[in-house]
Amino acid sequence: MTITSDTTATLLTEGTVFRQGVVCQDRDATVLLGLRNQTGYRLTHVTGGIVALLHRLTREAVPTDALGAGLDERELRQLPRLLERIAPFLARAQLLGGPAPSPLISVEATAPGAPYQPVTVGVDDPVRLSKFTLLRRREGALVLETPLTAFRCVVRSPAAAAVVSALAETCSAATLGSAGLPADVVAELLGHLVGAGFADLGVREGHGARFSADDDEVLRQWDVHDLYFHSRSRLGRTDEPYGGRFPHVGVIEPLPPVRPAHAGEPIALRRPKLDDILSRDPSLIATMEGRQSIRGYGEKPPHVDQLAEFLYRVARVRGVYGPRPDQKMPYAGSTRPYPCGGAAYELELYLTVRRCEGLDAGVYHYDAQEHALRLVNADAETRRQLLDLASLSTGGEAVPDVLITVTSRFQRLSWKYQSIAYAVTLKHVGVLYQTMYLVATAMGLAACGLGSGNSELAERAFGLDPLRESAVGEFILGSAPEVRPDPESARGAVDWRPGLDPQWQQDVRRLLP
């Protein structure tokens, strides 16, 4: 097997076609090209032959060496410059040869960069889809996408779809060839899939095959969903609509800035006084340096007034404002103690209480606008399952007094943001965790963020529609143990290696409650 960038094979015909989603409109010798997330591109003084070619490219792939058919001499001179100008709207097609070439696939770039180079694949060479390649429906066609390269492959024929689907297993062109698509044509098609990063090319070893991707220590440590999520929630390898684009303005009403209250009587919580907090809170530096994840609790449970102060300082609604269309904010926002993109504040807090003086055990929702709790589930078994799972997330070390489950009202973000809505909600979970850590440390409570939870269990427990609101984070809280755990720097572990001023954490302990 030889891998090369030689492109002299002629079994497939190279073609040109507009990429998915391109709209071509013309009027009075002016052509406007539009693509989903790009502003329109205007061509002026366009002659009839060029207009006809552009409209044809929206309907079908044209052999590249036949793009000039039907153009006059002036248009032929203009064609190279035209193709250069509209290159971002074009895709590279592979056509099955013959009097009327038919497209098998087309490959379009999802970000600026060098074009891919097909490789030579022998008819007996082992080939498979990359484990990172995804096959999905997009705009009425099957497409292949991968986070490894900045290309998308549009599958344009049943024969090509059959080849792609067969690559779930290791195959060769010889085993995939048929009367409809001969083996040598399949081999050339596979060369394009390999060259663009959608498929792996291996080498024969005995009765099996070996692929270099299997030996790549970096790729082996990436999960498919993680790498795909990363590549699609950042600029650089995606051409999907991105950022604060307000795709549903005028079509779907935005969710309100504050979640409608759950049914049931509110349990009013005590509101702390700012002067009281200022008189006893440690400094910011003492709170930051003294912060620890504490998974053990005191003999006495926390008091409901402590829980009330914690919630008030962390997540209360300070106010609501908007809409402000003149400031590109066609929806109402709110303000709360932690930062939030677009003032969306999509996160909600549900409290599973095991023990709290002055508050019955149960599962509650925190009404951040009224500063109240509402019981959403009194079932002891459900409560036990939630708390057991939280304990399991700490390796069985903690039996939390209170489990705080963070949920997201997803449409509050996706009404504004495209491609990044879920990534943004996870960023919000992070800043909320830090806010909860700092407030708990300042108040002398034991706090610990968790790395995982069971969304389905939480949805059942809280009575949620998972497509509208679901769990995205968990945080456990309790009364502080009688003796605060020593920081790592003070435990005398033989593997401890000091960095920059680790003693700060020890020095501020006397300043913390």
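This is a predicted model: local features need pLDDT of at least 70, side-chain atom pairs count only at pLDDT 80 or more; totals for chains, interfaces and linings use all residues.
Local features are given where pLDDT is at least 70 and side-chain atom pairs count only at pLDDT 80 or more, whereas totals for chains, interfaces and linings use all residues. Residues are numbered from 1 along each chain as its sequence is written, and side-chain values use heavy atoms, with hydrogens and water left out.

Strand β9 (residues 134-138) runs antiparallel to β10 and is joined to it by 5 bridges, with L135 having L144 of β10 as its bridge partner. The hairpin of β9 and β10 has 2 residues between the strands, and E139 takes a positive phi near 50 degrees there. With strand β11 (residues 151-155), β10 pairs in the antiparallel sense over 4 bridges; E145 has R152 of β11 as its bridge partner, and the hairpin from β10 to β11 passes through 5 residues. Because 4 of its 5 residues are buried, β10 is largely enclosed by the rest of the structure (buried meaning under 20% relative accessible area, exposed over 50% and partly exposed in between, with a 1.4 Å probe and protein chains only).

An open sheet is formed by 7 strands in the order β16-β21-β20-β19-β22-β25-β24, with antiparallel pairing. Its edge strands, β16 (267-268) and β24 (445-450), each pair on one side only. Within this sheet, strand β19 (residues 347-353) and strand β20 (residues 362-367) are paired in the antiparallel sense over 4 bridges, and T352 stands opposite V363 in β20. Helix α14 packs on the sheet, touching β19, β20, β21, β22 and β25, and its direction makes about 85 degrees with that of β25.

Helix α14 (residues 455-462) also packs with helix α11 (residues 380-393), at an angle of about 150 degrees and with the axes 10 Å apart (axes being lines fitted to C-alpha atoms, for helices over the stretch in contact, and angles running from 0 to 180 degrees between N-to-C directions). The two helices are therefore roughly antiparallel, a description applied to angles over 145 degrees, with those under 35 counted as roughly parallel, 65 to 115 as roughly perpendicular and the rest as oblique. The contact (heavy atoms within 4.5 Å) is made by T382, Q385, L386 and L389 of α11 together with L457, A458, R460, A461 and F462 of α14.

Terms used
Two strands pair if DSSP finds at least two bridges between them.
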